[in-house]
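Here is a short tour of the structure shown below. Keep the 3D view open as you read and follow along from one region to the next.

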Amino acid sequence: MAKPAKKTEKSAKSGEQIVAQNRAASYNYHILEKHEAGLVLHGTEVKALREGKANIRDAYVDFKANGAWLVNAHIAQYLPGGPWNHEPLGSRKLLLHKREIEKLSGPLKIYFRSGIAKVEVALAQGKKSWDRRQDERNKEARREVEQSMYRNRRR
């Protein structure tokens, strides 16, 4: 009996299947703009992504003369790939227009849209420690309000 495949998140947008997401990005940075970019991948990388074996927590976008590159994104090796496997931490070229390349900094998530692998990259500005503390206070206040409203409705 075969094991069931690892489930990946389905996004609110139809036809979008999230493979990896950098949740710490919104905690550490102010996200100013988001852009969608295609990825240049080898066959075994696509198969590993479809299994949900990716991590972009430490990944970043590097800008070189020949375009934008996704660096330090870990896509695990596809076990049945054998000698044709890819390197897990290899650099991957991003498919962007030149005007978009000039604005961007880091990846937010990798997903499939209509069967094509995409990465969401963003222009971000670093948060100061007081920004993070204020965000935590706001989140806690929102949580308390929701809990008190829930308790009041139950009466």
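## The largest pocket

Let's start with the largest pocket, where 15 residues form the lining, and N22, A25, Y29, G106 and P107 lie nearest its centre. Its volume is about 220 Å³. Four elements, α1 (24–28), β3, β9 and β10, each supply at least two lining residues.

On a 1 Å grid over the protein atoms alone, a pocket is an open set of points where a 1.4 Å probe fits, with protein on both sides within 12 Å along at least five of seven lines, and lining residues have an atom within 4 Å of a point. Grid points are joined across faces, edges and corners, and the volume is the space filled by probe spheres set on the points.

## How to read the model

This is a predicted model, in which local features need pLDDT of at least 70 and side-chain atom pairs count only at pLDDT 80 or more, while totals for chains, interfaces and linings use all residues. Residues are numbered from 1 along each chain as its sequence is written, and side-chain values use heavy atoms, leaving out hydrogens and water.

## The chain as a whole

The protein chain has 4 helices and 10 strands (DSSP runs numbered from the N terminus: H or I of at least four residues for helices, E of at least two for strands). Read from the N terminus, the order is β-β-α-β-α-β-β-β-β-β-α-β-β-α.

Of its 155 residues, 35% count as buried (under 20% relative accessible area; exposed is over 50%, and partly exposed lies in between, with a 1.4 Å probe and protein chains only). The accessible surface comes to about 10800 Å², with 50% of that belonging to carbon and sulfur atoms (Shrake-Rupley method, 1.4 Å probe). Among contacts with a separation of 6 or more, 65% are between residues 24 or more positions apart (a contact means heavy atoms within 4.5 Å).

## Strands and their partners

Strands β3 (residues 29–39) and β10 run antiparallel and are joined by 9 bridges (two strands pair if DSSP finds at least two bridges between them). Here A37 stands opposite V119 in β10. Strand β10 is also antiparallel to β9, through 7 bridges, with R113 and I116 as bridge partners.

Strand β8 has antiparallel links of its own: 2 bridges to β3 and 2 bridges to β6 (residues 67–71). L39 stands opposite L94 in β8, and W69 stands opposite K93. R92 and L94 make up the covered face of β8, while K93 and L95 are on the uncovered one.

S114 and G15 are 99 residues apart in sequence, yet their C-alpha atoms are 5.4 Å apart in space.

## Helix α2 and its cover

In helix α2 (residues 43–50), the buried residues are T44, E45, A48 and L49. They line one face of the helix, because they fall within an arc of 140° when seen down its axis (the arc of the directions from the helix axis to the C-beta atoms). An α-helix has 3.6 residues a turn, so residues three or four places apart point the same way.

The cover over these buried residues includes β2 (16–21), β4 (54–55), β7 (74–75), β8 (92–95), β9 (106–113) and β10 (116–126). Just after α2, G52 takes a positive phi of about 80°.
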